[in-house]
Amino acid sequence: MSELTPRGPYCSFAESINTEELKNTINHHILSFQGRDPQRANSRDLYKAVAYTLRDVLVEKWIQTQKSYYTNGQKRVYFLSLEFLIGRSLGNSAINLGLMGQIAEAVEALGYDLEEVREMEEDAALGNGGLGRLAACFLDSMASLGIPAYGYGIRYEYGLFYQRLLNGFQMESPDNWLRYGTPWEFERPQHLHCVHFYGRVHTYKDSFGRIRKEWVDTEEIMAMACDMLIPGYLNNQVINMRLWTARASREFDFSYFSKGDYITAVQEKVESETISKVLYPSDQLREGQELRLKQQYFFVAATFQDIFRRYNKKNYPLTKLGDKIAVQLNDTHPSIAIPELMRLLMDVEGLEWDEAWKICVSTFGYTNHTLMPEALETWPVDMLAKVLPRHLEIIYEINHRFLKQIEQRYPGDLERLRNMSLIAEGPVKKVRMAHLAIVGSHSVNGVAELHSYLLKTNFFKDFHEFFPGRFNNKTNGITQRRWLLKCNEGLAGLISQTIGEEWIINLDHLKELEVLADDHDFQDKWDAVKRANKEKLAEFIKNECCVEIYPDSMFDVQVKRIHEYKRQLLNILHVITLYHRILNDSEVSMTPRTFIFGGKAAPSYEKAKLIIKLISSVAEVVNNDPLVKDRLRVVFVPNYGVSLAEKIFPAADLSEQISTAGTEASGTGNMKFALNGALTIGTLDGANIEIREEVGEDNIFIFGMTADEVERERNNPQRNALEIYKANPEIRLTLDSIKDGQFSNGDIVIFSSIVESLLADYDHYLHIKDFEDYLRCQTEVGVAFADRRNWLKKSILNVANMGKFSSDRTIREYARDIWGVEVL
């Protein structure tokens with residue numbers, strides 16, 4: 001693949017390095033960094049050496065980039081996120097540095113296969129799902145647009161978990177992604193910050209007679225910075241993701257050690273370093289909840305010490321903080337940053353409340369990522385009082401002043417006061433962290449037009465009325481550099497050969513493909529790329545899952561976190577329905593399909609884990625029934641993550657985006673599938689609505705109730721699931737076969753709870769009420785897929801109209817409307 005001319009003000013050896021120099025550098029890193037004989041090195045040794053070679057280029061450009069920030073006095077953007085799901089770094093870094101061709105030649109000259117070498121890299125387990133992957137896309141776009149930005153989070157030693165299936169059940173084991181170390185990070189022991197917990201608040205009068213607060217008698221944990229470098233695309237800009245790892249304030253207690261009590265001697269160290277051990281510790285127990293709270297404060301407190309360290313280098317006055325920095329809270333997790341900044345400004349810097357609050361609000365922006373009530377975090381007041389006593393005081397003061405403002409504007413409206421209070425009253429008083437984030441930020445944005453509309457008209461209606469202009473929309477996007485250029489080399493190459501390479505930095509250029517949608521020669525090339533991708537995925541699935549799938553079939557894919565609102569159940573019900581059609585008529589005309597599922601269920605989410613078991617059980621029956629032949633295959637691919645997604649998206653024909661309308665904030669999987677030429681079947685939920693607007697109603701398959709209809713149906717049901725079940729023989733047969741043990745070796749108990757919930761009035765996600773229309777729509781999909789020319793036309797038009805869904809566009813909007821920074 002040819003490469004664009006580098007964009008940007010700096011030059012280094014990366015632009016002039018040749019294959020021989022790369023070989024020598026790689027061998028040097030095998031010898032000096034790893035202590036290995038280059039002639040005896042294996043693929044993992046070579047992977048690390050290539051990574052260190054690229055890191056040399058990255059750090060040189062990063063230093064130049066940082067110097068330019070100070071020279072130009074640019075406003076900085078700090079992006080705070082509990083997750084950064086960056087996946088693998090080798091391919092992405094090589095592409096963005098413009099070195100992929102040279103690296104491939106050097107690796108081949110050394111006698112290795114680059115693909116095999118790239119497979120040696122572990123996915124960085126720094127996130128779970130869409131939130132973390134979006135954060136990673138945003139960092140790529142910030143770097144590519146030249147924004148002076150930093151990502152801040154936690155360096156988790158273990159990811160969520162490693163998923164495998166045992167007899168169809170999800171089994172979790174530690175995701176030890178660092179067991180071989182990572183060549184991509186720089187540990188920064190010089191950036192070691194002290195983070196406090198517990199203790200008490202001491203009130204005193206300062207020398208001017210003013211009442212002051214001091215947080216004393218605390219426990220201390222040290223936060224050490226670890227940097228991972230993120231290159232922009234061919235622009236010589238490199239930014240850093242700074243992740244904090246916990247270190248004990250002292251290694252061990254020598255007094256205990258001297259007495260032979262070796263376990264107690266190191267207990268403090270072990271307990272302290274637990275904070276950065278695991279992504280999302282279980283919150284089923286209070287200890288797990290407390291650890292999550294400590295994780296959130298840990299990275300926020302360390303981050304703000306780092307921000308102030310950098311800010312104070314220029315001796316800017318604190319009153320200019322909001323003019324010089326912008327802090328974006330990526331969902332509710334980092335919202336404890338608001339009372340932390342207030343504490344620093346008042347208790348440490350000595351500012352009065354009003355001035356500190358003005359600075360605080362001007363500094364923060366808050367992105368809401370969910371419509372699920374359980375994801376809008378709340379913390380028990382007594383827990384905050386124990387872990388962060390000073391912050392609870394500040395939160396109460398924020399709430400007191402805020403409620404006074406509400407009372408002044410809406411006298412006597414007690415219901416509004418209750419709804420908007422930062423404190424939820426009840427048997428257990430809780431702090432509503434989303435409310436805190438809204439009150440303490442100058443901007444609150446949703447991540448799709450529907451999502452933002454629902455925030456303003458439903459979930460946070462009172463806040464929208466109180467803060468007119470504060471709420472806005474920033475529809476999510478994805479980086480085309482990873483999700484097309486890197487993961488789908490065949491399609492990226494075809495597009496670049498046809499319209500040039502400008503789409504890599506401006507996705508709107510894909511619009512030029514529209515005129516080729518009916519061109520048969522171009523369609524044939526397009527089809528050949530898809531076929532090659534499907535054959536590659538089929539081989540992978542055969543090796544990993546021991547299931548043979550057929551590239552001629554439609555690859556019908558749903559890969560995402562397992563949750564009831566995402567309705568994997570609806571998908572597997574459709575599979576069962578198709579299976580029964582074959583059983584009832586072995587000669588039935590049917591478009592062959594391969595159903596591919598993937599995703600993790602939270603370890604404590606038993607219903608989601610049971611859905612995985614049902615999918616696996618249906619797959620076991622369907623795949624081994626000789627009547628089915630090659631017309632139907634079902635596979636659940638375990639341990640879904642970024643690198644697996646990069647194999648699946650390019651091969652997909654149909655993208656299942658079937659959440660109950662009004663539950664998915666945006667979704668970005670829908671964008672990745674469409675960018676790789678898959679057609680979407682979905683509800684009018686999240687970004688599906690905007691995808692339909694861009695690609696056209698004829699090039700997407702929409703079914704089901706709208707968000708308004710869902711709300712009305714929940715509040716005033718016009719029909720119930722049991723009536724539909726009784727009236728529709730096909731639906732009845734589908735559910736009865738689950739209930740009667742057809743997919744569980746006659747066990748009528750194991751899946752009984754699933755059937756009961758589907759037929760009950762309390763099915764919040766309305767599976768059965770959308771099922772009939774889903775079946776209708778899937779029939780349309782089957783007919784459309786059989787018309788190959790028309791399907792290819794639709795596929796091309798989907799890709800051609802994905803320009804809006806680049807994260808470059810999203811970040812430009814954040815920069816313009818929220819952060820007030822310029823872009824390249």
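Two strands pair if DSSP finds at least two bridges between them. Strands are DSSP runs of E with at least two residues, and helices are runs of H or I with at least four residues; both are numbered from the N terminus. This is a predicted model, in which local features need pLDDT of at least 70, side-chain atom pairs count only at pLDDT 80 or more, and totals for chains, interfaces and linings use all residues. Residues are numbered from 1 along each chain as its sequence is written, and side-chain values use heavy atoms, with hydrogens and water left out.

Six strands make an open sheet. Their order is β19-β18-β17-β20-β21-β22, and the pairing is parallel. β19 (632-636) and β22 (701-702) are the edge strands. Each has a single partner strand, so one side of each has no neighbour in the sheet.

## Strand β20 and its partners

Look at β20 (residues 654-657) within this sheet. It pairs with β17 (residues 554-559) in the parallel sense, over two bridges. Here leucine 654 of β20 is the bridge partner of aspartate 556. β20 also runs parallel to β21 (residues 679-682), and four bridges join these strands. Leucine 654 stands opposite leucine 679 in β21.

In a regular strand the side chains alternate between the two faces of the sheet. In β20, Leu654 and Glu656 point one way, while Ser655 and Gln657 point the other way. All of these residues are buried. Buried means under 20% relative accessible area, exposed means over 50%, and partly exposed lies in between (1.4 Å probe, protein chains only).

## A hairpin

Strands β3 (residues 162-166) and β4 (residues 169-173) pair in the antiparallel sense. Five bridges link them. Glutamine 163 stands opposite glutamate 172 in β4. The hairpin has two residues between its strands, and asparagine 167 takes a positive phi near 55°.

Helix α1 (residues 19-32) has 14 residues. From its first C-alpha to its last it reaches 20 Å, close to the 20 Å expected. That expected span is 1.5 Å times one less than the number of residues. At the start of α1, a side-chain oxygen of asparagine 18 comes to within 3.2 Å of the backbone nitrogen of glutamate 20.

Which residues of α1 are buried? They are Thr19, Leu22, Lys23, Ile26, His29 and Ile30. Seen down the axis of α1, the buried residues fall within an arc of 130°, so they line one face of the helix. The arc is that of the directions from the helix axis to the C-beta atoms. The cover over these residues includes α2 (43-72) and α4 (100-109).

Alanine 104 lies in α4. This alanine is partly exposed, with a relative accessible area of 26%. Alanine 104 and glutamate 115 are 11 residues apart in sequence and 9.1 Å apart in space, C-alpha to C-alpha.

## Nonpolar cores

In soluble globular proteins, nonpolar side chains tend to be buried together. A nonpolar core is a set of buried Ala, Val, Leu, Ile, Met, Phe, Trp, Tyr and Cys residues joined through side-chain atoms within 4.5 Å. The largest core here has 219 residues. Phe304, Leu513 and Trp819 have the most contacts inside it. Helix α9 (residues 286-311) gives the most to this core, with 12 residues. A second, separate core of 56 residues includes Ala601, Ile724, Phe771 and Val781.

Contact means heavy atoms within 4.5 Å. Leaving aside neighbours within four places in sequence, leucine 513 is in contact with residues including Phe522, Trp526 and Ile796.

## Two buried residues

Methionine 802 sits in the loop between α32 (788-800) and α33 (807-819). Methionine 802 is buried, with a relative accessible area of 1%. Leaving aside neighbours within four places in sequence, its contacts include Leu507, Met671 and Val695. The C-alpha atoms of methionine 802 and glutamate 656 are separated by 17 Å, and these residues are 146 apart along the chain.

Serine 757 lies in helix α30 (residues 752-759). Serine 757 is also buried, with a relative accessible area of 11%. Its side chain reaches the backbone oxygen of isoleucine 754 at 2.8 Å. Not counting residues up to four places away in sequence, serine 757 touches Lys607, Tyr762 and Asp763.

Key
A polar contact is a pair of N or O atoms within 3.5 Å; within protein, one must be able to donate a hydrogen and the other to accept it, and residues adjacent in sequence count only if both atoms are side-chain atoms.
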